[in-house]
Amino acid sequence: QTSSTEALNLSGEIVVNGKAVTIAATDTLSQVASKINGIGSGVTASIIGGSGSAYLSLTGNETGAANKIQLADATGSVLSSLGLVSGSATLRDPLSGGFRSYGLANSTDTLGKLTNLSKVGSFQIGTETINVDFATDTLSSVASKINAQLGGQGVTASVVETKDGGRTVKKLEVTGLGSNSVTDTDGLLQDLGVYQKAFGNEVVSARDSEFTIDGISRTSYTNAVTDAIQGVTVTLLKEDVAGAKATIDLKRDNEKIKSSFKGFKDAFNELVEFVKSASSFDTKSFESGPLFGDIAANSVISMVQDTIFQNSNPGGTFRNLADLGFGLDSDGKLTFDEAGLDKAMATDIESVKKVMLSSGSSTNTDLVYLGSTARTSDSGTAGFDVKITRLATKSRTTASAAQTLANRGGEVLTFNGPLFSTPIEFNVTAGDTLAQTVDKINADSRLKDNLVASIDGGKLKIEAKRFGASLDFSVSSNLASDPDTTGIGLGTEDHTKGLDVAGEINGEEAVGSGQFLTGKDTNAKTAGLQLQYTGTVLGTIGNVKYQRGMSNRILGVAENISDPINGMLTSTTKSIESQVSDIGDRIESYNETLALREQSLRAKFLAMERVISQLQSQQSQIAGFAQQNNNNN
């Protein structure tokens, strides 16, 4: 534009990342930028250049392909006139046989409230017209209308929850369109981000980072990767096409460990000081703290002190906190000798770890201890027997027909289901053999971390890399199964859903998730105990010995003290409240008795006053008679 401060003479409503902005004809380029920045859509508008050549630049605030900017001219043609969008609108997030909308905050608020638009109109699917009023309709109601009018034709509409980068959003998803065409009669689908025109001058496209750690290829919507190595944030600084590598050395931070021990000591001593202060009694002023004489307060300290110095690693080099440099002073507070801990860590760090953290061992190499909760009990020397009643399996899809010829081309495989946050379309190259297609699926950065492809009896076989029912997936082709296609076909493939492991720990029922078996919360001894079984044998397959660490024991004590239903403090509070209630009832009874007594006394007093009044009247009469007699004499 020739200026950023002159009126553009453009008017209308524009949509930026699902939120509408009204542009007036008197608005300048700078004012348009300010309005976009004012709606908090996750897009920053900037003015580049100045007099004679001013440009409006839009930049997404978040990285990653899922955070691609969404733009639409709801009314008027402001975005088109400014050159930000151009051409005809196409599906922004296409699915095989369907589409998705842009992600909105929820599916229950009206579209008008979510987008700031007040539009009434319609769009067509096949021969059916779907009427929409942004003032009353929600994503859910639009889905319901589509299902009501087109459900008999195989069209399915739903609201799905997805994670676009770091945002959890709701999207309208429509599948099974078949030969039904979609016509955006009034531009409503553009407003909802189903359709979008191409960017007029895209400088940098939104994309995910791609990287490899220890030979495993990964992608991330952000350059600060927190889920690649447990407890480590890896920040990607630049792209290196030459394949240079960086080595990350991870070392134990002894100072951090000591800091954590010291923090535990300080927290305990704060508890002791609080109880001491709240339980104090001043012999001079006779003032006392709110917990003076309270048995529960002192019981809390005793319970924690007893737990701290229990042997949580019997038979180890170091058995308890006393072996790691801890003690108690005359005030009942913890003391900490850092040199003692330094020596212990240098001597046997694993033994130090077992003092603090729970640990487990198994008689079966296919059975591994993973974790526990504060409610998991020690197994003792007998251990917990583990019984497996069902093995975990992986989700698997096998093509319905064998591919014996080179692929004809034009085939698209769509991967969907719980295993994927969004559908993934894989284009099969014309002329590829089935073996070449398998290699390309296994090399695809979007698929290879979750799936592995192979050839089974001449047919394409695709299997999840991990076990369990929650990692199910679907794969379908846009072409019928034939010798010159992958053979997956139009929903005719052989699919087996994965199963979760099932079994018992110590005779108590456990919950399976993939290969992980966890004791139910209601179990008496094994609640929260988590194991992994990778074997193939059913029945009683081994024994696990579990030992609670000191931190786990402290958590158990804290739960017993503070549990809102059955905890010691809850019971004490209920007892005090019951006493207060009883005292209140007694006071109320006393007040009622006093009121009756007062009423009785008042009645007697009134009666006495009447008698006195009568006596005084009689006295006056007698005095009058006496006076009269004196006068007569």
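**Salt bridges and confidence in a predicted model**

User: What does Arg408 count as, by relative accessibility?

Analyst: Arg408 counts as partly exposed, at 42% relative accessibility (buried is under 20% relative accessible area, exposed over 50%, partly exposed in between, with a 1.4 Å probe and protein chains only). Residues are numbered from 1 along each chain as its sequence is written, and side-chain values use heavy atoms, without hydrogens and water.

User: Which side chain does Arg408 meet in a salt bridge?

Analyst: Arg408 pairs with Asp482, at 3.0 Å from N to O (a salt bridge is a side-chain nitrogen of Lys or Arg within 4 Å of a carboxyl oxygen of Asp or Glu). Asp482 lies in the loop between strand 29 (474-477) and strand 30 (494-496), and Arg408 in the loop between strand 24 (396-398) and strand 25 (412-416), so the pair ties together parts that are 74 residues apart in sequence. Helices (H or I, at least four residues) and strands (E, at least two) are DSSP runs numbered from the N terminus. Asp482 is also partly exposed, at 30% relative accessibility.

User: How many salt bridges does the structure hold?

Analyst: The structure holds 23 salt bridges. One of them joins Asp27 to Lys35, whose closest N and O atoms are 2.6 Å apart. Asp27 counts as buried, at 6% relative accessibility, whereas Lys35 is partly exposed, at 30%.

User: And where do Asp266 and Lys262 lie?

Analyst: Both Asp266 and Lys262 lie in helix 6, four residues apart, which is about one turn of the helix. Their side chains meet in a salt bridge, at 3.3 Å from N to O. Asp266 is partly exposed, at 29% relative accessibility, and Lys262 is partly exposed as well, with a relative accessible area of 35%.

User: Changing topic, where is Phe292 placed?

Analyst: Phe292 sits in the loop between helix 6 (254-278) and helix 7 (295-308). With a relative accessible area of 46%, Phe292 is partly exposed.

User: Where is confidence lowest, and where is it highest?

Analyst: Confidence is lowest in helix 7, at a mean of 83, and highest in strand 1 (residues 12-16), at 97. The protein averages a pLDDT of 90, and 100% of the residues score at least 70.

How values were computed. Predicted model: local features only at pLDDT ≥ 70, side-chain atom pairs only at ≥ 80, totals over all residues. pLDDT = per-residue confidence, 0-100.
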